[in-house]
4 protein chains.
Amino acid sequence: MSEPKRVTIPYRVPYADTDQMHVVYYANYLTLFERGRNELMRACGFTYRELEADGNALPVLEAYVRYHTPATYDDLLEIVAWIDSFKGVRLKIACEVRRDGHLLAEGYTVHAHVDSKTLRPARPSQAFLAALGCLAAPADAPPQ
Amino acid sequence: MSEPKRVTIPYRVPYADTDQMHVVYYANYLTLFERGRNELMRACGFTYRELEADGNALPVLEAYVRYHTPATYDDLLEIVAWIDSFKGVRLKIACEVRRDGHLLAEGYTVHAHVDSKTLRPARPSQAFLAALGCLAAPADAPPQ
Amino acid sequence: MSEPKRVTIPYRVPYADTDQMHVVYYANYLTLFERGRNELMRACGFTYRELEADGNALPVLEAYVRYHTPATYDDLLEIVAWIDSFKGVRLKIACEVRRDGHLLAEGYTVHAHVDSKTLRPARPSQAFLAALGCLAAPADAPPQ
Amino acid sequence: MSEPKRVTIPYRVPYADTDQMHVVYYANYLTLFERGRNELMRACGFTYRELEADGNALPVLEAYVRYHTPATYDDLLEIVAWIDSFKGVRLKIACEVRRDGHLLAEGYTVHAHVDSKTLRPARPSQAFLAALGCLAAPADAPPQ
């Protein structure tokens, strides 16, 4: 896998995201991560909506967030997402939330690529792997 | 329709529901209303899950909230719900949010009883109307 | 008051906003309305953050939504907001949610302009009224 | 520290918590964890509201969730919470979400005990540590 595609999107914090500690409530970072993942897939040319239309899904197996500095109301955040690894049916996406370039929070989600009907692991299509830049590159081939 | 069944449920406010004004964020009252509706239907002996299993749904057409006094973190609220009217396929449910009996917010939601496949209006079943106490009572019959 | 300023912002629907009816959950429209209000004030040159810095607040007194057609996951919505009226300390903001120009939902919120310390009604500053275009215009003056 | 106090609370899943995959949206488990923490502290006789009244706070430094089986609409869940460790100003709380005793998700949050004004680490009061059962027990004393 070559250098992973990294997508950055802007996000303006509404009152809805804050709590009485005057900061973005900790659970809402997972929604920010989702927004990052959605746009990462769109930037790769294979949206999550298309993945679902193909009968697949990427349910979350694990989620982790490390909080450094709180985001506050009306902040214009940057959400950064990239594929950390994609092995078999297990996809790990890394995410950061920044403000003016300064890291506020970081973490990851781990997903299983499954058949959305049976929820059983399903081999990702070549088209999906290619779009995400996760196909074994020629450089990975054994030397000849 | 006789005196409508009125259901009251307790609800403890988490940090998640608050915003930086130190009160419950205004949109979250609609979620409280939903909790009230769910328990109203359960108390009537016909849960929303059963309604869906029967192939029906009650999408929201209108929602209104009037805010009197803010709810705050860790408050133990009372959510009160009752059927205001059920005419044809149009169901109106009233709701109040109270704390120590004192009214904090009130409002209503209007729903259409529809077929969940086609989303077209669908006549409610007699079982559902009976459960909700919304069948025409004998007293409504013309005098003889 | 002259023709009110109308602001339109884009909004991409995440999974987080949906419910199991495959549509945006009804309470989330109030958060969309808030996003619209925030950007309306920013476009007027007087953000809500500035209003708070001045010691004021605009708590919600009433909220109403009428739902026409559901928004769904990954839709790119347009949120439209404008000032419906501003009389004394009572501000009414109208809002629409559209997709490809088609109206999905509409409604309004009513706010009181208050002192954020005492929560008592407080006369809006001339600067705020001017920014919102809500100062009595010369055309409103009696003919001479 | 003796065997930690373990608190279990019931939670009924509203539509609001679900997403279009027909399961509870993954970020909402962190709100369930918060509900568990709140009741854990209440059961210990020292609520988070009291902690705040004392001028302290417990902002989240880290959060982790591992998802096993999805929760769905109208499920009556059990949220279980207990103190995993409390060293210096660093408090780790473990949490599980169960349905009919079956584990659906588990994880933890790590908090810093801080002064809510300065947000700097602040030594927890003896009263708080005692309430949480986190004072060094006599058995920890050196043998004589």
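**View 1. Chains B and C meet through the same surface, because 100% of the interface residues of chain B are also interface residues in chain C.** The model shown here is predicted. Chain B gives 16 residues to the contact. Chain C gives 16 residues as well.

**View 2. The side of chain B that touches chain C draws on helix 1 (28–44) and strand 3 (60–67).** Each of these two elements of chain B supplies at least two residues. Strand 3 of chain B has the largest share, with eight residues. Sorted by class, the side of chain B that touches chain C holds 12 nonpolar residues. Two polar and two charged residues complete that side.

**View 3. Strand 3 of chain B pairs with strand 3 of chain C.** In chain C, this strand covers residues 60–67. The pairing is antiparallel and runs over five bridges. One residue pair can be picked out here: B:Glu62 has C:Arg66 as its bridge partner in strand 3 of chain C.

**View 4. A rotation of 180 degrees superposes chain B on chain C.** The shift along the rotation axis is 0.0 Å. The RMSD of the superposition is 0.0 Å. The two chains are therefore related as by a two-fold axis.

**View 5. B:Tyr64 marks where chain B comes closest to the rotation axis.** Its C-alpha lies at 2.2 Å from that axis.

Technical notes: Residues numbered from 1 in each chain as written. Chains lettered and ligands numbered in written order. Predicted model: local features only at pLDDT ≥ 70, side-chain atom pairs only at ≥ 80, totals over all residues. Contact = placed C-beta atoms within 7 Å. Helix = DSSP H or I, 4+ residues; strand = E, 2+ residues; numbered from the N terminus. Nonpolar A, V, L, I, M, F, W, Y, C, P; charged D, E, K, R; others polar. Pairing = 2+ DSSP bridges. Least-squares fit on C-alpha atoms with pLDDT ≥ 70 in both.
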